[in-house]
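This report looks at charged side chains that pair with one another and at the surroundings of the ligand. Please keep the sequence and the structure in view while reading.

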Amino acid sequence: MNALNLNHEFQKTFTISTETRTFFAPGRINLIGEHTDYNGGHVFPASISFGTYAVVRKREDRIFRFCSLNFQDDGIIECELSNLAFNTDDGWANYPKGMIHHFQKAGYEITHGADILYYGNIPNGAGLSSSASIELVTGVLLEQIYQLQIDRITMAKIGQQVENEYMGVNSGIMDQFAIGLGKQDHAILLNCETLDFHYAPLQLNDHRIIIMNSNKQRTLAGSKYNERRAQCESALKELQSALPITSLGQLTKSSFDNHQQLITNELNRKRAKHAVYENARTLEALERLNEGDIISFGKLMNESHESLRQDYEVTGIELDTLVEAANQQQGVLGARMTGAGFGGCAIAIVEKDRIEDFKRNVNDLYSQKVGYSATFYTATIGNGAREIIAEEVL
Ligand code: GLA
């Protein structure tokens with residue numbers, strides 16, 4: 001389907017033939033730096049070419065109508081500008097509703113409604129941030145059609161508020177930031193405490209990033225995610241009795257090692273260790289990449305997965321099997337889960353001439369062990385959220 005067809009779908013859905021505008025927000029992968037964002041550490045994500053498209057027409061009244069080609073059974077979901085409260089029955093449409101609500105809360109004036117048709121090609125529940133993609137595509141279209149002056153960092157923060165305050169998931173800023181500020185062929189090194197960031201060219205020479213979807217739907221992801229965050233916060237509190245820190249991201253590995261006995265609960269100690277070590281690994285990974293040492297970069301990816309498996313315990317049999325199978329293949333520099341975990345996707349850096357063998361072999365090993373297939377995509381690193389012209393191909 002291309003953007004022109006989407007326009008046709010819009011006319012069909014809302015039975016109006018009128019001028020529309022089309023917007024796109026990508027999904028993201030994270031190369032390294034997992035579960036570090038809400039701990040004040042660094043992350044290293046990149047926006048991908050899969051994402052969410054939105055076709056919009058402004059309305060004269062104060063009604064919003066949302067429809068998604070991905071959730072056609074839900075039909076058109078309608079709400080008044082004055083009633084944007086979270087409603088379980090509104091399902092996926094709570095994301096755009098939350099965005100509008102939080103724009104208003106932040107003082108941006110939205111005076112009229114709109115009809116919006118969404119279509120996403122990010123696999124659902126795959127941990128590639130389909131929800132942040134819906135948030136950001138909505139943010140960008142609101143900004144454009146209502147001529148609001150919102151810089152991207154503010155927009156990313158509003159997206160995070162939607163997750164935290166509206167949807168009840170205490171996630172960090174990584175996804176919204178990567179999607180709002182992504183740049184073609186670059187990853188973003190982001191300090192999640194200061195929001196200082198810079199773009200690093202992703203020069204992988206003869207290698208490509210392969211996304212491996214475990215096809216395991218994430219279950220209870222929100223509650224386990226919030227639990228991990230609470231464990232880190234509790235570890236931080238105990239460390240603060242002796243250290244003048246405001247986040248785990250401020251600790252070096254050695255200061256953590258020297259003070260870890262202050263954390264009384266063993267599980268919390270493991271969680272905090274991951275956060276501190278992963279942050280250090282992320283900074284090291286950037287250095288290695290800048291030096292062109294992608295072999296060491298791959299090794300750090302493997303270490304990251306191991307820490308997420310053993311200390312943070314967010315991987316599970318599906319992601320572990322994918323990563324293990326990936327590392328048994330020729331031409332693989334490293335592999336790890338990406339995103340929150342508990343199912344979803346892993347990534348691997350694979351020599352480009354071996355990609356077909358890689359996919360076949362990993363899938364064989366995976367389906368033998370897990371009982372169903374994985375899905376593979378070669379990642380293309382694209383730009384962040386933006387308006388697109390109708391001819392731009394999906
Ligand atoms: C999810 C969250 C992010 C981040 C990752 C884990 O994607 O939305 O904020 O915490 O998990 O790194």
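In this predicted model, Arg336 counts as buried because its relative accessibility is 0%, under the 20% that sets the limit for a buried residue. Glu34 falls on that side of the limit too, since its relative accessible area is 1% and it is therefore buried. The side chains of Arg336 and Glu34 meet in a salt bridge, with 2.7 Å from N to O. This pair links distant parts of the chain, for Arg336 belongs to strand 10 (residues 332-338), whereas Glu34 sits in the loop between strand 1 (21-30) and strand 2 (42-43), and the two are 302 residues apart. Side chains of opposite charge can pair when their charged atoms come close.

| Pair | N to O distance |
|---|---|
| Arg336 and Glu34 | 2.7 Å |
| Arg57 and Asp115 | 3.2 Å |
| Glu227 and Arg228 | 2.8 Å |

The pair of Arg57 and Asp115, whose side chains meet in a salt bridge, also links distant parts of the chain, with Arg57 in strand 3 (residues 45-58) and Asp115 in strand 6 (residues 114-120), 58 residues apart. Arg57 and Asp115 are both buried, and they take part in a network of salt bridges that also links Arg59, Asp61 and Arg65.

How exposed is Glu227, and how exposed is Arg228? Glu227 is partly exposed because its relative accessible area is 40%, while Arg228, with a relative accessible area of 5%, is buried.

We now turn to the ligand.

Which kinds of atom in His35 and Tyr225 come within reach of an oxygen atom of the ligand? In His35 it is a polar backbone atom, 2.7 Å from an oxygen atom of the ligand, whereas in Tyr225 it is a polar side-chain atom, which lies 2.5 Å from an oxygen atom of the ligand. Arg28 contributes an N or O atom of its side chain, at 2.9 Å from an oxygen atom of the ligand. On its own, the ligand has 310 Å² of accessible area, and the protein covers 93% of that area.

Conventions. Residues are numbered from 1 along each chain as its sequence is written. This is a predicted model: local features need pLDDT of at least 70, side-chain atom pairs count only at pLDDT 80 or more; totals for chains, interfaces and linings use all residues. Side-chain values use heavy atoms; hydrogens and water are left out. A polar contact is a pair of N or O atoms within 3.5 Å; within protein, one must be able to donate a hydrogen and the other to accept it, and residues adjacent in sequence count only if both atoms are side-chain atoms. Accessible areas come from the Shrake-Rupley method with a 1.4 Å probe; for residues, only the protein chains shown count as cover. A salt bridge is a side-chain nitrogen of Lys or Arg within 4 Å of a carboxyl oxygen of Asp or Glu. Helices (H or I, at least four residues) and strands (E, at least two) are DSSP runs, numbered from the N terminus. Buried means under 20% relative accessible area, exposed over 50%, partly exposed in between (1.4 Å probe, protein chains only).
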